[in-house]
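Subject: A structure for you to explore

Hi,

Here is the structure I promised to pass on to you. Have a look at it first, and then read my notes below.

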Amino acid sequence: MKIQRMALSKTALLLCSASLALSALAGCGKEENANSTEPTVAPAGTTAQASPSSSPKEEPFKLSLMLMQLQPEPPKADNVILKALEGLTNTKLEITWVPQAQIDEKTNLIMASGDMPQLMYIQSFKSPSILNAVKAGAFWEMGPYLKDYPNLSQANKDILNNVSVDGKNYAMYKYAAPAQVGVNYRKDWLDSLGMAAPKTTDDFYNMLKAFKTKDPDKDGQEDTYGMVYWKESFLSMFRIVSLWFGASNQFGLDSSGNVTPDFATDEYMQAMKFMKKLYDEKLINQDFAVVTNAKANDMFLDGTAGAVFATTGNLTTFQNTEKIKAQNAQLDMFGMLDAGKGLHARAGTGYLGTYMIPKKSVKSEDEFKKILSFLDKLNTKEVQDLLIYGIEGRHYKKENGVIVKLDNVPEAQQFAKERLDLNQLLLKNVANETPAKLTPIEQRGEEIKAANEKNAVYNLVEPYISDTYTKQGQQLDTMRYDMMVKFVMGQLDEAGYKAEVDKWYKAGGTEVLKEFNDQYQLAKKK
């Protein structure tokens, strides 16, 4: 009961402070701050305290959003973190949640129908449908306005360049550490088998084989997979393996210094043969071509498989789930393995999707600026702390100005249940959050991330746009994915795979490479 009373008090303080900061509601501020040592929440981008009599209360801005859903259930309208977020941003949010596996299709359907929300999460910004819509004038250009917002103006210029179209910005990115992916695995299984953490691809194969054949869960049955794999849209996780074998990251240079795709290289073929070996020996699930990411995560968490492609953030999230705790499981992670070509880690773009504002649903510049203001407020310390850590007293405490999360107690599980996918609104265009005391598993994730970044390989053509790819990219990406799947599943031999690569060139790939190469060679001269 003591914890509950404290949680309610802290929640009231947070909501009231947000109202004070954003609407200058005098009564709430005086009553709550009379005996409080907590600072008054300031308006976005400022440090001064808000004046209780500065202006009359503004009505909350009603904002419709489309967001991506990863968890089995979305937050409900009375969710305590959602309510706190609305208070801090002075908004009334009407959120449409779309499962990750459906969001690209849903995005295209919404754009075709014209019935669009005011703010959309776009998972695949460089997809042909989005680029075509941008060039047709379907979205507001944000670039010229960013300087007017204290947090958005500090957004990373390199990442903004990665989400630009013809040098202009129509999207605000959701930050993602550029080299945070690898393999999460069951360390407790590995320890019970008397094996060391893998350093090479051979070690990894041996680990997965032991996970399959040596009963690591001690139930007396051979009922586990070494690793669970799932259907991908852009082969982003498969590239983890291809980079171990020395391939480029999507596009690199051939021996003549010209742009070439990764999947046409010998190194990529070696990576596919490695994955085929795992498939043939049933060390990975045989239905990987149709299993969703969410299903794969569940299979890892419930002990069906001993490893899964994931991020450093997943390492902490997975470790704190009820399923993992119920098994007394201990997780670990690695990002790189040596396959004889040195250590290489897959670098992303620096963002995990973008947020865009459609002109169809946002008619006026005034409304457009209000939405930019909302995006700016998502980057304040108060909102970042809320979305990262939760509510003080309910999910964490502070010691000497440092966040101490309430781990291994009901509050930690409560936070996971209450935040759910609201962290999709954690943009982190600038890092304003209060520093936190890291748990050992979080520290491990930071170590993996730092090691990956030292050996990160980036997509050579990320800043460039191919008109041919804009028009035919979906077809070309489908061909690329299908040929990999068919090879791994034994439906294509090496000669058949190379024939499919030739078809990719003839279907528009040659033009794509020329357009990328022309821009790359031109940029080299500048």
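Let me start with a pair of helices: H18 and H19 are roughly antiparallel to each other (angles over 145 degrees count as roughly antiparallel, under 35 as roughly parallel, 65 to 115 as roughly perpendicular, and the rest as oblique). Their packing angle is about 165°, and their axes are 9 Å apart. Axes here are lines fitted to C-alpha atoms, for helices over the stretch in contact, and angles run from 0 to 180 degrees between N-to-C directions. Among the residues that make the contact are Tyr469, Leu476, Met483 and Phe487 of H18, and Tyr497, Trp504, Ala507 and Val512 of H19; contact means heavy atoms within 4.5 Å. By type, the residues of this contact are 11 nonpolar, five polar and six charged. For that count, Ala, Val, Leu, Ile, Met, Phe, Trp, Tyr, Cys and Pro are nonpolar, Asp, Glu, Lys and Arg are charged, and the others, Gly among them, are polar.

A word on how to read all this. This is a predicted model, in which local features need pLDDT of at least 70 and side-chain atom pairs count only at pLDDT 80 or more, while totals for chains, interfaces and linings use all residues. Residues are numbered from 1 along each chain as its sequence is written, and side-chain values use heavy atoms, with hydrogens and water left out.

Now the overall picture. The protein has 19 helices and 16 strands; these are DSSP runs numbered from the N terminus, with helices (H or I) of at least four residues and strands (E) of at least two. Of its 526 residues, 53% count as buried (under 20% relative accessible area; exposed is over 50% and partly exposed in between, with a 1.4 Å probe and protein chains only). Among contacts with a separation of 6 or more, 77% join residues 24 or more positions apart.

In soluble globular proteins, nonpolar side chains tend to be buried together.

The axes of H8 (residues 201-213) and H10 (residues 266-280) come within 11 Å and cross at roughly 15°. That makes H8 roughly parallel to H10, and the crossing is right-handed. On the H8 side, Thr201, Phe204, Tyr205 and Leu208 meet Phe274, Lys277 and Leu278 in H10. Those residues divide into five nonpolar, one polar and one charged. Beyond its neighbours within four places in sequence, Phe204 contacts Val183, Pro198, Met227, Trp244, Phe274, Phe334 and Leu337.

Thr201, also in H8, counts as buried at 7% relative accessibility. Thr201 and Leu337 are 136 residues apart in sequence, yet their C-alpha atoms are 5.8 Å apart in space.

Setting aside neighbours within four places in sequence, Arg239 touches Phe234, Asn249, Gln250, Asp262, Arg346 and Arg480. By contrast, Lys218 is exposed, with a relative accessible area of 56%. Lys218 lies in the loop between H8 and H9, and its phi is near 60°, a positive value in a residue other than glycine. Leu420 also has a positive phi, near 50°, and is placed in the loop between H16 (410-419) and H17 (440-454).

One last stop is H15 (residues 381-389), which is mostly covered, with eight of its nine residues buried. Just after H15, Gly390 takes a positive phi of about 100°.

Enjoy exploring!

Notes
A crossing is left-handed if the near helix is turned anticlockwise from the far one by less than a right angle, and right-handed if clockwise.
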